[in-house]
Amino acid sequence: MSNSESPDGPPSFEDAFRGDDVEQRIYGTVLQTREPTTASAIANAADCDPKTARKYLGWFSELGIVTRHNSHPATYERNDAYFEWRRINQLAADHSVEDLQQRVRELSSRIEAYEDTYGAPTPAAVDAVVAAESSDDRTIDDIYGDLGDWATALEERTRYERARQQRARSDCQEK
């Protein structure tokens with residue numbers, strides 16, 4: 001153990017899955033995978049046998065966690081839609097309809113403020129260079145920060161609204 005590593009702290013970045021069982025190592029590797037990857041490459045990153053990786057990847061594919069591409073050799077990639085669905089389900093389970101609606105209102109207010117500030121319906125419609133050049137007090141970094149926050153607020157509002165609708169349906173079914 002290095003001097004900067006405490007026994008209770010996280011493992012080093014180079015060995016992020018040390019101590020995890022093989023399923024967790026494969027899962028963690030899949031979470032970090034951004035493009036279709038072979039079972040052998042995933043096995044190598046997860047420090048396990050390729051046959052074991054294929055077994056778990058097949059299971060993860062059935063659960064919808066990964067998408068299997070029938071190339072030769074087969075490749076696997078993280079299914080972002082699964083993680084989005086999971087996040088929405090968790091929001092719906094953790095918050096009341098009222099809490100979710102309040103968050104939608106907060107995000108809508110923030111989005112409207114950006115629309116007013118930049119005179120545009122979306123962050124993509126804003127030319128950051130032009131906006132920075134026409135402002136006396138906003139730098140290009142400020143503009144890009146706003147545009148990133150605006151895009152995030154749009155995504156979050158959609159997520160919270162979907163969770164609100166799901167929770168409302170669930171509450172109605174329970175009555």
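This is a predicted model: local features need pLDDT of at least 70, side-chain atom pairs count only at pLDDT 80 or more; totals for chains, interfaces and linings use all residues.
Visitor: At what angle do helix α1 and helix α3 pack, and are they roughly parallel or roughly perpendicular to each other?

Guide: Helix α1 covers residues 22–32 and helix α3 covers residues 50–63, and their axes lie 10 Å apart. The angle at which they pack is about 65 degrees. Angles of 65 to 115 degrees count as roughly perpendicular. The arrangement of α1 and α3 is therefore roughly perpendicular.

Visitor: Is the crossing of α1 and α3 left-handed or right-handed, and which residues of α3 make the contact?

Guide: The two helices, α1 and α3, cross in a right-handed sense. On the α1 side, the contact is made by V22, E23, I26, Y27 and V30. On the α3 side, the residues are T52, A53, Y56, L57, W59 and F60.

Visitor: How many nonpolar residues does the contact of α1 with α3 have?

Guide: Sorted by class, this contact of α1 with α3 includes 1 polar and 1 charged residue. The nonpolar residues in it number 9.

Visitor: In what order do the strands of the open sheet stand, and which strands are at its edges?

Guide: The open sheet is formed by 3 strands with antiparallel pairing, in the order β1-β3-β2. Two of them, β1 (37–38) and β2 (66–69), each have a single partner strand, so one side of each lacks a neighbour in the sheet. The strands at the edges are thus β1 and β2.

Visitor: Which residue of β3 is the bridge partner of T37?

Guide: Strand β3 spans residues 75–78 and runs antiparallel to β1, with 2 bridges joining them. One of the pairs links T38 with T75. For T37, the bridge partner in β3 is Y76.

Visitor: Is S108 buried or exposed?

Guide: S108 belongs to helix α5, which covers residues 97–118. Its relative accessibility is 14%. Buried means under 20%. S108 therefore counts as buried.

Visitor: How far apart in space are S108 and E156?

Guide: Along the sequence, S108 and E156 are separated by 48 residues. In space, C-alpha to C-alpha, the distance between S108 and E156 is 9.9 Å.

Technical notes:
Residues are numbered from 1 along each chain as its sequence is written. Side-chain values use heavy atoms; hydrogens and water are left out. Axes are lines fitted to C-alpha atoms, for helices over the stretch in contact, and angles run from 0 to 180 degrees between N-to-C directions. Helices (H or I, at least four residues) and strands (E, at least two) are DSSP runs, numbered from the N terminus. Angles under 35 degrees count as roughly parallel, over 145 as roughly antiparallel, 65 to 115 as roughly perpendicular and the rest as oblique. A crossing is left-handed if the near helix is turned anticlockwise from the far one by less than a right angle, and right-handed if clockwise. Contact means heavy atoms within 4.5 Å. Ala, Val, Leu, Ile, Met, Phe, Trp, Tyr, Cys and Pro count as nonpolar, Asp, Glu, Lys and Arg as charged, and the others, Gly among them, as polar. Two strands pair if DSSP finds at least two bridges between them. Buried means under 20% relative accessible area, exposed over 50%, partly exposed in between (1.4 Å probe, protein chains only).
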